[in-house]
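Here are my notes on this model, as numbered points. Please read them with the coordinates open.

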Amino acid sequence: MTLDLALGPRPTPAHTVAVLAFDGMAPFELGVVVEVFALHRPELGELPWYELKVCAEQPGRDLRVVGGFTMRAEHGLDALAAADTVIVTGVPNAGGEVSPALVAALRDAHARGARLVSICSGAFALAAAGVLTGRRATTHWRYSALLAERHPEIEVDPDVLYVDNGDVLTSAGSAAGIDLCLYLVRSDHGALVANTVARRFVVPPHREGGQAQFIEAAVRPVREDEDGVARSMAWAMDRLGEPLTVPALARAARMSERSYLRHFTRRNGTSPIRWVIAQRVAASLPLLESGEAPIDEVAAAVGFDSAATYRHHFVRAMRTTPTAYRRAFTRAA
């Protein structure tokens with residue numbers, strides 16, 4: 001809150017999020033951004049929420065949307081360039097040229113210190129603006145080879161859900177956009193708020209950015225053995241503070257260890273132990289935010305055998321230490 005001696009206290013302006021709409025766009029990714037950043041959230045009490053602006057190069061004109069309907073964006077690229085967070089959910093043609101006007105707006109936003117975010121093919125717009133040069137980035141696995149070919153100055157990682165470079169973040173396909181948007185909320189407001197948003201979304205509150213994209217996971221019938229994997233995951237979530245081993249997880253799934261490892265990896269794109277570690281790190285975030293318990297107590301509460309092990313895995317997942325995370329969250333709060 002700022003203080004004006006003449007007018008008295010003034011509320012701090014809401015964090016502005018701008019999302020790009022364009023002719024021929026698919027509606028899912030835009031809907032995700034609207035759901036996360038524009039929906040009224042009485043469950044969060046008086047917490048100031050975001051102000052969302054849907055922007056287009058030519059505001060007020062009908063934009064065709066996949067599925068046979070049209071929409072209009074109220075704001076133009078000037079509002080996009082002035083936002084605190086700018087989200088590009090895709091481009092009209094991943095193999096084509098990005099609009100010079102959009103490139104200029106993205107560069108202006110970046111120069112101002114805005115946080116730039118891409119979902120799916122939106123990475124091509126950030127690449128064209130030059131904000132990914134010399135950095136690691138991701139996009140939908142279908143476009144990763146093309147992005148690497150067109151922009152050799154970028155380290156393209158086709159095997160992850162999202163990549164956080166601080167001021168520039170990129171994510172994979174549509175569902176990974178949910179993960180990245182929730183990650184932004186968690187970065188801004190903490191794990192408890194992000195978990196509340198995820199609960200209303202009816203999705204898991206946290207998937208580690210380094211988790212594999214599900215390239216092989218085409219739609220198919222759910223097998224009985226995969227029901228066992230789901231059963232073991234629910235069993236593990238209730239016991240994160242206890243020792244969890246592959247033999248124990250396999251028993252909970254009523255499968256042999258060999259079969260369990262194969263089916264778990266196929267279903268989740270990661271190993272059981274890596275998944276358990278990610279859940280333990282995620283479970284530790286509210287503990288870091290809501291109290292002053294020593295790090296070794298937090299580590300033990302979520303199942304790590306030592307504070308050193310906890311710090312190691314926390315840094316790999318969060319790109320900061322538990323102590324620095326707690327300090328940063330306290331300052332933000």
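1. Ser284 sits in helix α11, residues 272-290. Helices (H or I, at least four residues) and strands (E, at least two) are DSSP runs, numbered from the N terminus. Ser284 is buried because its relative accessibility is 0%; buried means under 20% relative accessible area, exposed over 50%, partly exposed in between, with a 1.4 Å probe and protein chains only. Leaving out residues up to four places away in sequence, Ser284 touches Val298, Val302, Tyr310 and Phe314. Contact here means heavy atoms within 4.5 Å.

2. Ground rules. This is a predicted model: local features need pLDDT of at least 70, side-chain atom pairs count only at pLDDT 80 or more, and totals for chains, interfaces and linings use all residues. Residues are numbered from 1 along each chain as its sequence is written, and side-chain values use heavy atoms, with hydrogens and water left out.

3. Overall make-up. The protein has 14 helices and twelve strands. Of its 333 residues, 48% count as buried. Among contacts with a separation of 6 or more, 63% are between residues 24 or more positions apart.

4. Two strands pair if DSSP finds at least two bridges between them.

5. Strand β12 (residues 168-171) runs antiparallel to β11, joined by three bridges. Val163 stands opposite Thr170, and Asp164 has Leu169 as its bridge partner. The β11-β12 hairpin has three residues between the strands, and Gly166 takes a positive phi near 90 degrees there. With β8 (residues 115-118), β12 pairs in the parallel sense, again over three bridges. There, Val117 is partnered by Leu169.

6. Which way do the β12 residues point? Val168 and Thr170 point one way, Leu169 and Ser171 the other, and all are buried. In a regular strand, side chains alternate between the two faces of the sheet.

7. Helix α1 (residues 27-37) has Glu29, Leu30, Val32, Val33, Val36 and Phe37 as its buried residues. Seen down the helix axis, they fall within an arc of 155 degrees, so they line one face of α1. The arc is that of the directions from the helix axis to the C-beta atoms. Their cover includes β3 (16-20), β4 (51-55), β6 (69-71), β7 (85-88), α6 (174-189) and α7 (191-201).

8. Nonpolar core. The term means a set of buried Ala, Val, Leu, Ile, Met, Phe, Trp, Tyr and Cys residues joined through side-chain atoms within 4.5 Å. The largest one has 74 residues, of which Phe37, Leu80, Leu106 and Val185 touch the most other members. Its largest share, eight residues, comes from α6. Leu80 contacts Ala18, Leu20, Cys55, Val86, Ala105, Leu106 and Ala109, leaving aside neighbours within four places in sequence.

9. Cysteines. The structure holds zero disulfides, a disulfide being a pair of cysteine sulfur atoms within 2.5 Å. Cys120 counts as buried at 10% relative accessibility. Cys181 is buried too, with a relative accessible area of 1%.
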